[in-house]
2 protein chains.
Amino acid sequence: MGRIIVEVMPKPEILDPQGKAVRGALPRQGIETFTDVRQGKRFELTVDGPVSEQALEDAAKAAESVLSNPIIEDVVAVYDAEAGR
Amino acid sequence: MGRIIVEVMPKPEILDPQGKAVRGALPRQGIETFTDVRQGKRFELTVDGPVSEQALEDAAKAAESVLSNPIIEDVVAVYDAEAGR
């Protein structure tokens with residue numbers, strides 16, 4: 001059983017209210033270290049057997065069509081979980 | 001300016017309705033490759049200057065207290081974006 005990781009982030013120019021909300025909560029936990037926080041999505045796609053080139057291509061296609069909204073988001077990574085980023 | 005990546009996923013035993021919804025949408029795009037899809041969160045935390053050990057510790061603390069809900073989610077990675085996973 002293989003796993004493919006897909007990572008999606010809001011485009012830099014897009015307002016990220018969730019990231020801002022998280023950024024605002026950190027000082028209340030005594031954490032002042034971070035100047036900005038951006039929040040995106042991380043997907044784990046499971047395949048039967050090992051991850052093939054075709055499965056990676058299908059994951060990239062899924063990333064652009066279903067897992068992200070190309071108008072406001074960028075797909076920043078698609079990779080075999082075993083092979084690492 | 002350094003960046004720390006924090007990755008959070010729903011605990012395996014927790015129902016993941018978003019992942020199921022995505023899984024159900026893929027065949028409509030002609031993608032039958034994936035037996036399961038799980039959806040989590042990916043954060044980018046920005047720091048002034050390079051990423052220090054202290055910043056990584058603060059990111060791990062933030063991950064457990066603000067960026068995830070320990071009851072239903074696991075923090076699966078905290079790392080310096082430059083150094084990679």
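View 1. Lys41(B) is the residue of chain B that comes closest to the rotation axis, with its C-alpha at 2.2 Å. This is a predicted model, in which local features need pLDDT of at least 70 and side-chain atom pairs count only at pLDDT 80 or more, while totals for chains, interfaces and linings use all residues. Residues are numbered from 1 along each chain as its sequence is written, chains are lettered from A and ligands numbered from 1 in the order in which they are written, and side-chain values use heavy atoms, leaving out hydrogens and water. Turning chain B by 180°, with 0.0 Å of shift along the axis, superposes it on chain A with an RMSD of 0.0 Å (least squares on the C-alpha atoms of residues with pLDDT of at least 70 in both copies). That is the relation of a two-fold axis.

**View 2. The surface shared by chain B and chain A.** Here 35 residues of chain B are in contact with 35 residues of chain A (heavy atoms within 4.5 Å). The copies meet through the same surface, because 100% of the interface residues of chain B are also interface residues in chain A. About 3,100 Å² is buried between the chains, and carbon and sulfur atoms give 61% of that area (accessible area, 1.4 Å probe, that two parts lose on being put together, summed over both). Phe34(B), Arg42(B) and Glu44(B) supply 21% of what chain B buries against chain A, more than any other three residues.

**View 3. Strand S2 of each chain, side by side.** S2 (residues 36-47) of chain A and S2(B) run antiparallel and are joined by 11 bridges (strands are DSSP runs of E, at least two residues, numbered from the N terminus; two strands pair if DSSP finds at least two bridges between them). Look for Gln39(A), which stands opposite Phe43(B).

**View 4. Charged pairs across the interface.** Four salt bridges are found between chain B and chain A (a side-chain nitrogen of Lys or Arg within 4 Å of a carboxyl oxygen of Asp or Glu). Glu44(B) forms a salt bridge with Arg38(A), their closest N and O atoms lying 3.1 Å apart. Arg42(B) forms a salt bridge with Glu7(A), with 3.0 Å between the closest N and O atoms. This second pair crosses from strand S2 of chain B to strand S1 (residues 2-10) of chain A. Over all chains, the structure holds 14 salt bridges.

Definitions and conventions
Helices (H or I, at least four residues) and strands (E, at least two) are DSSP runs, numbered from the N terminus.
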